[in-house]
Structure formats: C-alpha cells, structure tokens
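Please look through the sequence and the model before reading the points. They are meant for someone who has not seen this structure before.

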Amino acid sequence: MQQIRDAIRNISDFPKPGIDFKDITPLLASGPLFKKTIDAFAERHKDNRIDVVVGIEARGFIFASALAYALEAGTCLVRKPGKLPHTVHRESYELEYGTDAVEIHLDAFEPGQRILIIDDVLATGGTVGATARLIRSNFDVEVVELNFLMEIGFLNGREKLVGEKIFTLIND
Ligand code: AMP
C-alpha cells in the first residue's frame, strides 16, 4: 500500500488556494500499481456478489470500470447534471457556497441488485452521500459499500455518511 500512497501526488493550491489536491495520474500511469489497486478492491469483494459497480464522475469511472471487469459485474455512471442522455433521477447536495447535483439513468438497475459505489477521493462526503441517497431513494437495490482509493480524514466526510459501510484503500 505504501507504493500506492507514494504514487499519489499532492498539488498545493489546486484548483483554488488552500486546497491540497490529490493527483492520481502518477498511479494511473503505472501498470503494476494500477493493477495492484484494482486487485485489492477485487479481492475485498470477491465473495460479495456485486452486480453493478457505480463510478462517480469523473475519476470514479476509471476505478469503477476496471473493478467491474475484474468482478464480472456491470458498471454505471453517476454524473453531474446534463451529461446523461436518457431520462434521469437527480439528487442535490450542499456545497460550501451553493448546491450541486448528481444524476443517474432511471433504468440503471434491476430490483434486488447488489451495488458498490466507488470514487477516488472521500473529501467532505457530499458527492458520495448524494449518490447513495440518489440510488436508495429511487431503486429497490442494496448498496453494499462505499469505496475510495483514499480519504482526506480531517474533512470528516464520514460524518455525512452515518450508517454507510465505508472502505478506503489508503488514508491521508
Ligand atoms: P466531496 O464531495 O467533498 O467528498 O468531494 C469528492 C469529489 O471531489 C471526488 O469526486 C473527488 O474526486 C473530488 N475531490 C475533492 N477534494 C479533492 C482533493 N483534495 N483532491 C482530489 N480530488 C478531490
């Protein structure tokens, strides 16, 4: 795990002053480390009968698609407003200033399916919290876990995710 941690680069003051951005592009550029990352998630879920891995726009898509392939599961895109072509369900969430929203196709799942949600970084938890609500309030499915490559602990994202099962591969 230390090698994976070392392959995530901190970029200070991006995209705004005061933000320490976790740049995963060096990790993605390494075949062995990307494989190790996906293998670790796949090992965790090998007996979990996951039907669909949900990726959150945009870097979550990278992990969701590779993990879905490894688990022989489907993959599903949760996107920012206006990006999905078919009819959508939408869930809004609060930002520091204003609101944002996530959307999903209304036919994304079949009843009873077991769903795994994945994203690269758990920061304030707003995005993934809205994603979990979006899925739970519109579909009769089981959200098995919320998974992340890494968590920025001091932002206390977990406080917004009470009752959710959370797994992060590495911590800040
Ligand atoms: P949040 O809703 O605050 O948990 O933010 C989560 C989303 O924003 C994830 O999709 C991350 O990709 C992205 N994000 C938030 N903060 C950072 C950060 N410091 N470095 C990299 N990505 C971040």
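The numbered points below go from the basis of the model to its sheet, helices, cores and backbone exceptions.

1. Basis. This is a predicted model, in which local features need pLDDT of at least 70 and side-chain atom pairs count only at pLDDT 80 or more, while totals for chains, interfaces and linings use all residues. Residues are numbered from 1 along each chain as its sequence is written, and side-chain values use heavy atoms, with hydrogens and water left out.

2. Sheet. Five strands form an open sheet in the order E4-E3-E7-E8-E9, with parallel pairing. Helices (H or I, at least four residues) and strands (E, at least two) are DSSP runs numbered from the N terminus, and two strands pair if DSSP finds at least two bridges between them. E4 and E9 (166–171) are the edge strands, each with a single partner, so one side of each has no neighbour in the sheet. From one strand to the next, the twist averages 20°.

3. E3 and E7. These two strands run parallel and are joined by 4 bridges. In E7, Ile118 is the bridge partner of Gly55.

4. Helices on the sheet. H4 lies across E3, E4, E7 and E8 and runs at about 165° to E3. Helix H5 (residues 126–138) also lies across E3, E4, E7 and E8, at about 165° to E7. Axes are lines fitted to C-alpha atoms, for helices over the stretch in contact, and angles run from 0 to 180 degrees between N-to-C directions.

5. Helix H4. This helix (residues 59–71) has 13 residues and reaches 19 Å from its first C-alpha to its last, close to the 18 Å expected at 1.5 Å a residue; the expected span is 1.5 Å times one less than the number of residues. Its residues Gly60, Phe61, Phe63, Ala64, Leu67, Ala68 and Leu71 are buried, where buried means under 20% relative accessible area, exposed over 50% and partly exposed in between (1.4 Å probe, protein chains only). Seen down the axis of H4, the buried residues fall within an arc of 165°, so they line one face of the helix; the arc is that of the directions from the helix axis to the C-beta atoms. Their cover includes H2 (25–29), H3 (31–44) and strand E8 (142–151). Just after H4, Glu72 has a positive phi of about 55°.

6. Cores. Which residues touch the most other members of the largest nonpolar core? They are Val53, Leu67 and Leu149, in a core of 28 residues. A nonpolar core is a set of buried Ala, Val, Leu, Ile, Met, Phe, Trp, Tyr and Cys residues joined through side-chain atoms within 4.5 Å. H3, H4, E7, E8 and E9 are the elements that give two or more residues to this core. A second, separate core has 24 residues, including Val78, Leu122, Ala130 and Phe148. Leaving aside neighbours within four places in sequence, Val53 is in contact (heavy atoms within 4.5 Å) with residues including Ala64, Leu67, Leu71, Leu116 and Ile118.

7. Backbone exceptions. Most residues other than glycine have a negative phi, and most peptide bonds are trans. A cis bond joins Phe14 and Pro15, with omega about -5°, and Pro15 is in the loop between E1 and E2. Asp13, in that loop between E1 and E2, has a positive phi of about 60°. Another cis bond joins Glu57 and Ala58, with omega about -5°; Ala58 is in the loop between E3 and H4.
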